Each structure stands twice: as C-alpha cells, then as structure tokens.
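Thanks for coming, everyone. Have a look at it first.

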Amino acid sequence: MTATTETDVHEHEHGHEHGGRHPHVVPLLTYFLVFGALMVGTYLTVWAAGQDFGRFNTVVALGIAVTKATLVVLFFMHVKYSPRLTQLVVAVAVAFLALLIGGVVNDYYSPRLDGQMGPANIRRE
Amino acid sequence: MTTTTSPLIPAAAPRQRTHYLNANYGVLSWLLTTDHKRIAILYLVTISAMFFLGGSFAVAIRLELVTPAGDLFQSETYNKLFTMHGIVMVFFFLIPSIPAVLGNFLIPLMIGARDLAFPKLNLASWYIFVFGALFSLYAIVNGGVDTGWTFYPPYSTSFSNTQVLAAGLGIFITGFSSILTGLNFIVTIHKMRAPGLTWFRLPLFVWAHYATSLIMVLGTPVIAVTILMVALERTLHLGIFDPALGGDPVLFQHLFWFYSHPAVYIMILPAMGVISEVVTCFSRKRIFGYEVIAASSMAIAIFGFLVWGHHLFPAGQSTYAGVVFSLLSYLVAIPSAIKVFNWTATMYKGSIKLDTPMLYAIGFLGLFTIGGLTGLFVAAVGVDIHVHDTYFVVAHFHYIMVGGAIMGYLGGLHFWWPKISGRLYPEMWARVAAVIVFVGFNLTFFPQFILGYLGMPRRYHAYTEEFQVLNVMSSAGASILGVGYLLPMFYFAWSMRYGAPAPANPWGATGLEWQTPSPPVTENFPVQPVVVDEAYEYAKGREVTVV
Amino acid sequence: MSGFPLFPEQASTIAGRVDALYFFLIAISAFFGLLIATLVVVFAVRYRRRSPDERPKAILGSVALELTWTLIPLGIVMVIFLWSAEIFFSMVRVPPGTMDVYVVGKRWMWKAQHMTGQREINELHVPVGVPVKITLASEDVIHSFFIPAFRVKRDAIPGRYQTMWFEATKPGRYHLFCAEYCGTKHSEMIGSIVAMEPAAFQAWLQGGTGEVSMAAAGERKFQELGCMTCHRGDTEGRGPNLQGLFGRPVTLAGGETVPADEGYIRESIVNPAAKIVAGYQPIMPAYQGLVTEEGLMHLVAYVQSLGGNAGAQGGAGALGPGGASAPDANAAGASPATPQARPSAQPVPDQPRQ
Amino acid sequence: MSEAAHHHPALAHHFENLGEQKEASSLGMWLFIAQEVMFFGGMFLAYTVYRNLYPAAFAEASHHLDWKLGGINTAVLILSSLTMALAVRAAALGNRKQIVLFLIATVVLGSIFLGVKVVEYGDKFEHHLVPGAHFQFPGPNARPAQIFYSLYFAMTGLHALHMIIGIPILLVLAWLAHRGRYTPAYHTPVEMTGLYWHFVDIVWIFLFPLLYLVGPH
C-alpha cells in the first residue's frame, strides 16, 4: 500500500530518510564514564548519609540521586539523542510527579486557621 | 477534508461488498481480531452490558428511596447497591465508553490510518478490561462491596468485611486497559496521520481524545497504586492509611482524588469531541473558533490535575490549601464555558437539521451547561461546606456524567451508527427516545439539587419525611429515563437486520471517515487519502457525492 | 405528606451569608443557562435547514467574542471565589470566648459532652447567641458532623482532632446528620441540635445528671493512669510540668516551637515520641488504644483546666528546659527500661525510682 | 522505499517502514514509562508525607536496615544497567554474540539483586519487623516505624516485582538474539526492554537513599 500520489505534501514533521535508519550508536567510552560516575555517585550517597548537614541531608541525598538518574536517562536511555517528542514525554512525566508530591505535601504544610495542630504550625528556628 | 473526484468509492457498490464485518466469520475471528473496528464492537457489547448492570442498580436505589423508611432493602444491601452502581458506572462504563467504542473505531479512520499504532496492544486492552470486569463481577456475585466507589479508609481497610479486595483488583486491572488505550491513541495521533493532515486540520474529536489520553496515561496509575496500597493494607497489614499506627486517611483522599477528578474529565472530554463533530455537521458550518476549542481541550486536561482538593474541603485539609484549590477549580471551569459558547456560536447562521444526533447535542448543551454552572456552587468553598456529600453534589455530577457524557455517547453512537453498522437506524424512534431521555433525566436529577441544599446527605438508606416528595419525583423521573435508555438497544438491534443500507456519507459530513464506504473495508482506505482542506470545510460544497 | 420544604431554615450566623452567595450563584446560573438555552433554540428554529443543498457562509471565529466570553466569566468567577473564600475564613477561624463541647463520632452515634460534664447521645443542647466550638474526634472510621440548618459540616477523622464552630440564632430543634459514609447504619447516625434561649439553656445545664465535670473526670483519669509519677506539679518530674501549658508554644528537642493546643496534647498522649519537649527523654509509653477518645478528651480538658490561657495562641515565654533543672541525674543516666511497644493493659508499671 | 524494509517479517502492515514503526514503539514505551513514574510516584508521595510527619521514627526504623546490602544491591543494579546498555549497543551494531552475552549478564545481575532482597526480607522476618500482628519494635516509635516498614515492603516489593517481570523478558530476548532475530535494522524489542530496565534501575537509585540512609547512622 504505497502512497498514491507522491505529492510533496508528504511532509512528516520529523523528516527522516525512509527505510530502517541506523540508530545512534553511543561510543563505549561514554558508557564506561557514565558507569563510573554512577558508582561514584553511590559512594557519595553513602558518604553524605554519614555527614550531618542538618536540614540539608535530604536535599543532598536527593540531589545525588537526581544527578544519577539524569545520567541514566540521558546516556543509557539515549534521551540525549532522541527526538524532541521523547524528551517532552520525560519532562511531562517528571512535572506531573512533582505536581503529585508537591501538591499534596503542600496541604500538610499550609497553615490551618482552625487552631488545630498540623505540621505547618511547627515553626522551624 | 475531501479530495476532488474521489476514486475511493467504487462506482456501483455491489451487494456482496466485503467489509470489516463480513470479511471473515466465526468466534475466533472476533476474539483474536486486531482490527480496531472489531475491537470497538467488542467494547460496545461489553460496556453496554455493564451499562445495563449499573443501570439496574440505579433502578434498585431509586425504588428504595421512594419511601423515607428503608423498607425495600436492608441497609447493608442498599450500601452495596450504591457502591456497585458507582463502581460499575464509573470504571466499567463512563471511562471506557466513548474512547473505547467511538474512539477506537473512528480515530484511525479520521486520521487516514489503516489501524491504531499497536493493534495487538489494543486487543490486549480489551482482554484486560474484561479480566478486570470479571473480578468486579466476582465481587458483586459473592456478596458485593459496601465501601462506596471511593473506598475511603479506614472503613475500606479495616472495618468493611465485604469483597473490597476483589472489587479493588477489578479496578486495578481495568485501569491498565484505560492506560494502554490512552497510550495507543497518543502514539497513533502523533505518528500515523495521513499526509497533509496537520495538527490544526485534525477533527476536534481527535483533539478531545488526545487530551483524554494524556489524562488516562498520567492519572490512572495513581489510583492503581492507591488501590494497591489499600489491598496491601487489607491482606498483608501494611498499615499505610491506618490511623491506629499514625497513618492518615486524608492522604488516601488526596491520592484517590488526584486521579478521580481528572477521571471526570476523561468522561466528559470525549463527549465534547462528539458534540464538536455533531454540531458542525448538522449546522453544516465550520466550527466557530477551532483553535480555541482545541486549546480548551488541552487546558482542561492539564488544569484538571490541579484541582482535586475541592473534594476535601470539609475533610480537615489546611485552610489555605482549600482556598487555593477553590481558586484553581474556578480556572478549570473557564475552558468548559468557552466551549459551550463556541458551539452555540457555531449554530449561528447555520443550516440546522434536527436529526437525532443533533437532538442529543442540543440536550448536551443544555444539561452540560447546568452541570457546569452547578460546578461553580461546589467549587465555592464557603457553599461546598454545606452541600458537600449531599444530593446537591450527586445531582451536579450526574448532570455532567449522565447529562453530558451519556448524551454525548448516545449522540455519537447515532451519528456514526451508519458507518459502524452499514445500516440506518429508524429516525422517528430515535428522536422519541432522545426526548424521553431528556425529560426523564431532568425529572430525575433536578429535584436532587433542591434536596441537596435542604441537606439530605448522600448514601442514605433511610431519610427524614420532609424529603419524600422530591425523592418520589426523582424516582418517577428515573423510570422514564430507564425507558429512554432501553429504546436505543431495541432499534439499534432492529436496524442491524432490517435497517436500510447506509450510504458512505448519509449526513453529508466532512471528515475522512465519511469517505470510506459504510461499513468500511478492513484496511479502512483502499488508497491512502491525502488531506488538502481545513477541518469542517462545508462551504466548498465539494464533499463526496452521496452514493 | 404534609407540605414539603423547598429551602432549609436559617438558624446560624453564617447561614444568611452562605445563602446570599447561594442565591447569587443561582442568579448567575439562571442567566447563563437561559441565555444558552434560548440562543440554541432560537438558532435551531431561525436557521433551520430550508433546502437540502443549502451552504451557509463559513464563519471561522472572532477574537473579540472569544475574549469577551473568556474575561467576563473569569471576572464573575473571581467575584464568586473571593466571596466564598471570605465566608470560608469566617467559618474556619474560631472566635475567642466560645463555649466548648467535645463530640466523639463512634460507629453510628454521636456522643457529645459539655465541659461541665453533661453527656448527650445524638443530641446537643446549645445556647442561642453564644458561639459554640466543637472539637470532633472519631473512634473508628471517618464521620462528618453536619447541621444543615446552620450550614456547617466538618469531618470527624480518626487519629486527630477537627474543630468547627457555629452560633445559633434561632431557638428550635434542627437536624444533625452524619454526612460521610461510615457503614451499615450510616443513615441512622442522625440526631438533633436543640438551640435554646441562654436562660433556658442554663436551667437545662443545672438539671444535668450530676455528672462530674470533664476536667474532674480528666483528673481522675490522670491519677488512674499514674501520669503524675512523671508529670509532677514542680519541675522535678521526668515529664514536662503541665501547669499553664495549654495554649502556649512549646520548644521541642529539634528546636521547633509548637502551640500546645488540644491536638498537641492528644498526640503527646497517644504517640508521645512524635514531639519530644526540649530537655526531656523520649521515655513516655504510647497510650494508643489504651485510652478511649472520651478519656483523651477528659485528659485534654484536665490539662486545659491547669491554667494557661485556654485556646489563645502564643503568650508567655517558651516553656522549655530553662525553668526545669535537668531531671535528677541518675534518671537521665540509667534510662529506665521502657516497656515493650504495647504496654500491657494494666496501668503503667511502677517505675522503680533508682 | 527500500525493498528489504518492505518484506521484513517484523514490519507491521499499517506502518510505512521500519523507522516509523520503531519511532512509534519508542514513543509508546516512553509513555509507558511516564505511567510507571506516576505509579511509583503515589508511593513516594506516601513516603514523603510520613517522613515529614514522623522524622525521628523513620530515622530510627531505617537504622535497622542493612545499608551495606543496600549499597551492594545498588552497585549490582547499576552494573546491570551498564550491561543492558551494552546489549542494546551490540544489537545496534549487529554483534549477535555480544547481545546474548550482555543480556545474560543483565539477567545474572538481576538475579543477584533479587537474591540479596530475599536475604534482606528473611532477616526482617527473623527480627519481627514485618508489619502485622507480630511486629515488634523497641522504644516509643513502634507505630510510625510500622508505617516505615509497610512502605519499605510495599516499595521494594513493587520494585522487585518489576524485576521479576523483566528477567524472563530478557531471557526470551537472549534466546531470540541467539537465533539471529535482531539486526541493526530491526532490534526494537531489545531497545524497549532496555528502557524498561533502566527505569527499574532509576527507581532503585531513589529507593536506596530514601529507605536505607535516613538520618545520620
């Protein structure tokens, strides 16, 4: 079932040549560098947990985890070389996750005026 | 979207033309089909069965509420009735109805594709849906579940001894059917549009389903994991919502409504897509404000995720969060209002023919407007404190779901029935049914607004005497509505056998799906169509001559 | 079926304001509903299809119209929003000087108790013209204390206190419903609120069944559970001194300050380790499941009666370790063997005072 | 249209060519992963809320977890992510022996991970740290700690379930690769399973610090 009229109307927005295009092959070195970075990241996570950054412990731990995750997404999952649509899907997923967690935790942390005890009433010095 | 002289339709359609219905026979040809059109018929049969099952529960509820004392059923039975009415109607009829039946059938046709992106996944979605339905039927047969369709802990986790696990697993499984259908639609709409079919030439039906699919893919997993946590708490005592351990039942409500509010947009957006198609066709005019309506669909899908907190106003949510959710709920009402204004403007200076689909569309406009406006009442945090969990809210969401989604579904079913079945349904009977549905619906649910503000709470097996008259009116309306819903089943079945054979384009509509013969051939388009026109191009008068 | 009401009574200060917004909303809905309905009907009739091949002119849209029916509805809904938010704030903010009532929702009945000890089941007598603050608790599932005539509703959630308030304006007997589905007899968990003139209410209060006041009942419970072994009148006890605690901010071990309201006191009894007062050891056993909600309310009322500005926030300096000298040295050293997670049913084993 | 692409057995009838089919599959897989993000997101939300409500109890409960085993598991899973990526790369280059080798390596590493989990779960049963009637936890933080362990078992259990689903798929892929099914022109299943496996690894990258390393130990 080939297209009837080979009019030039045949414009898909992602203009790629026909036939199985050769996928982008990531060099070995990149993979091993990323792997190394991830192992260092794991060590850092353990090390950071031992330190006492006060309230920033969670922020540091999550920061390391997010960088590791970004490395995996960009290089192992090829998002760095993927079409913009795939990158958009990743962004939307992360945004909605943030909306879910942020939206609900916000309720626990906004003040209550009915005088009832809630986490929001705890004023951190 | 028409090509000039279309070579698509063989001149004289011979009687024994093969199409997707008679391409092959036998049960396996249906149960193992990957043709999106046959899968749509499978869904049509399944959800119609679930609709009448849910409807029977509704009839039982209305019968019970004729008398103030709960004397028809025991309270346990009544609690199971309204719970199962909710579960069956929401998860097994309203959410799949338009996307799985009309969406599955029409999206490939409307974008000029041969099938959805993942046909096997489409069939798998139907099996997952049926498998989930079986779980819920098992729960219903084995004593039912009495937690309300909302499964609020700690009642659902530690106090109810009914089939909560089976019903929960049923919903958990069926949710994946919804996710995979949404995934299928998004990929199809992105990757398989006909040449020349740019995003702003797409029919608004496709836009509505694209927005709905976003909600399905991003929202449904949240309720899946929530029901999973309730199931884990009931079976393995993983006490996540258990107040005795310091767990917080309000956290469940956040998680549940994070999906369940966008779910009401899953129900209404496809109906809006149908209305856009029907109103333009029967006014024979370009849609008024195409880009605005398409943008409104997307805005509703995205804003829909920001407003779930209005279900928690009296539930101990923090004061400021409540006020913020009230504000956001008002912002999400604006796109719906814009759409109604645009549809009305489309009818201006049109050439309007009041066939059945248009009757349903006009009914939708009336009822959805009332539903949307009463949404302003329940979004007002001050008023909602009074009307929350009363019959005012019940009336509000029935106006949206029954007055909006089901009217849209029936309108769409009538509009595309010739294309689906290759037969014309009896016009007179269909118009009678539409009027009965409209009258029965209003008599059923309008009194409930008054009952609600009087303070009659939801889910009450017995109520105080002063509410009886309005309840009797509502039950009377329900019987009329029931008749109105039974009629289509008969004359649609009748038309399969005795209906006049349908031409390719009985309504003279634009759209690629009307350029294939009725019913379409298995591969939809003998020749890949190329789109040169804008959406709803009625003025040029070049649509295909009616065969 | 005598005549049936179409509109609920207005019997509280907030009812009039809620109804005013309700009528405004009805007016808006009626206007837009009729506008759309008439337009649709008029267009359907006036522009009905006269000949089969009629081709109306294409009208693509008009930015002006789109803007008008975006901004006008937006303006209207903002007015509604602000109006409703203002009503909500006054619903939530408890005025000072309220008459306190403790209500416990228990599967399928409402148990109310006045500070002076009167207990009522599925009924609540309140004086007209006096703001009444209700502290709601639930012993099992989520219930919802709903009085249609007063236009107020609040969920009773197990594991925490919820407060609501209202001020009756008209004497009479009004419906009380449970609005959150709570199981088999959800529809029978109803009752009535009896609003009375203040004088009549006082007479009713005097005629009570001679119940001991909540504070007294709380004190008896306090003795019975042996709380005084740690919470002593002076600053020697292992637990914080409760004199004048109620309503004043407390400094916690982590440096945060928390207002000592009913919810804080209840949580400190049920799950004490959640918030440790600065300078004290987390040695208090959890009484979750050992004290009924009513018992907890009695204890809270008792602590409230120990002075301190009841209900007012802030106030005197943070109650912290400054005042109390470190609990006697040996107690801090050899922290007594804390009982198993589930202290046995009998009252707290006597702490051997080393 | 290159003729070879036409008659490739894997080209479905409704796609123009293999490239378009692969893009559709890739978009479909990424949408599935977006859905999985929200699926795990619900549990991460519960974790976030309860950790904020009971910070001390979570820290104390977390100290009963063996962070060394958790650390080893993290390293094992990151290594399996590497071998998976190398398998996809080998498929793109058409090196059949390497595909099979790396897929088997990924399966082995995944099994090691699950083995360590079995050890950990067994240890929890011994120490009565499994929520329910027999849950025992010293000190006043017993109840919130039970919520921590409920979340621990729910999240790591769901994560392990995803690995239990992934491993058979990898074995099937290894078998098909061994029979030469995947070529540079067509190796979509390997790539899609790679995306799934990397996602499961990312979930663990977050689970490890959030469950095992709460508060200074």
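This is a predicted model: local features need pLDDT of at least 70, side-chain atom pairs count only at pLDDT 80 or more; totals for chains, interfaces and linings use all residues.

α4 of chain C covers residues 214-224. Its buried residues are Met214(C), Ala217(C), Gly218(C), Glu219(C) and Lys221(C).

Now chain B. Chain B has 16 helices and 0 strands. Its radius of gyration is 23 Å, close to the 24 Å that the globule rule gives for 547 residues, so chain B is as compact as a globular protein of that length. Its C-alpha atoms fill a box of roughly 75 × 50 × 45 Å along the principal axes. How much of chain B is buried? Of its 547 residues, 70% count as buried. Then look at the contacts in chain B with a separation of 6 or more: 86% of them join residues 24 or more positions apart.

Let's zoom in on one pair of helices in chain B. In general, two packed helices are described by the angle between their axes and the distance between the axes. Take α9, residues 249-283, and α11, residues 319-347, both of chain B. Their axes come within 9 Å and cross at roughly 15°. That angle is under 35 degrees, so α9(B) is roughly parallel to α11(B). The crossing of α9(B) past α11(B) is left-handed.

Which residues meet there? From α9(B) come Met272(B), Ile275(B), Val279(B), Thr280(B) and Ser283(B). From α11(B) come Lys339(B), Trp343(B), Thr346(B) and Met347(B). By class, this contact has 5 nonpolar, 3 polar and 1 charged residues.

On to chain D. How many helices and how many strands does chain D have? There are 7 helices and 0 strands. From the N terminus on, the elements run α-α-α-α-α-α-α. The C-alpha trace of chain D spans about 75 × 30 × 30 Å along its principal axes. Of the 217 residues in chain D, 59% are buried. Among contacts in chain D with a separation of 6 or more, residues 24 or more positions apart account for 76%.

Last topic: what chain C touches. Start with chain B. Here 74 residues of chain C are in contact with 82 residues of chain B. Which elements of chain C supply at least two residues each to that side? They are α1 (13-46), α2 (63-92), β6 (143-147), β7 (152-156) and β9 (172-178). α2(C) gives the most, with 15 residues. By class, this side of chain C has 44 nonpolar, 16 polar and 14 charged residues.

Now chain D again. Here 11 residues of chain C are in contact with 10 residues of chain D. The side of chain C that touches chain D has 8 nonpolar, 3 polar and no charged residues.

That's my tour. Over to you.

Conventions. Residues are numbered from 1 along each chain as its sequence is written. Chains are lettered from A and ligands numbered from 1 in the order in which they are written. Axes are lines fitted to C-alpha atoms, for helices over the stretch in contact, and angles run from 0 to 180 degrees between N-to-C directions. Helices (H or I, at least four residues) and strands (E, at least two) are DSSP runs, numbered from the N terminus. Angles under 35 degrees count as roughly parallel, over 145 as roughly antiparallel, 65 to 115 as roughly perpendicular and the rest as oblique. A crossing is left-handed if the near helix is turned anticlockwise from the far one by less than a right angle, and right-handed if clockwise. Two residues are in contact if their C-beta atoms, placed from the backbone, lie within 7 Å. Ala, Val, Leu, Ile, Met, Phe, Trp, Tyr, Cys and Pro count as nonpolar, Asp, Glu, Lys and Arg as charged, and the others, Gly among them, as polar. The radius of gyration is taken over C-alpha atoms; the globule rule is 2.2 Å times the number of residues to the power 0.38. A residue is buried if 20 or more other C-beta atoms lie within 10 Å of its own, exposed if 12 or fewer, and partly exposed in between; C-beta atoms are placed from the backbone.
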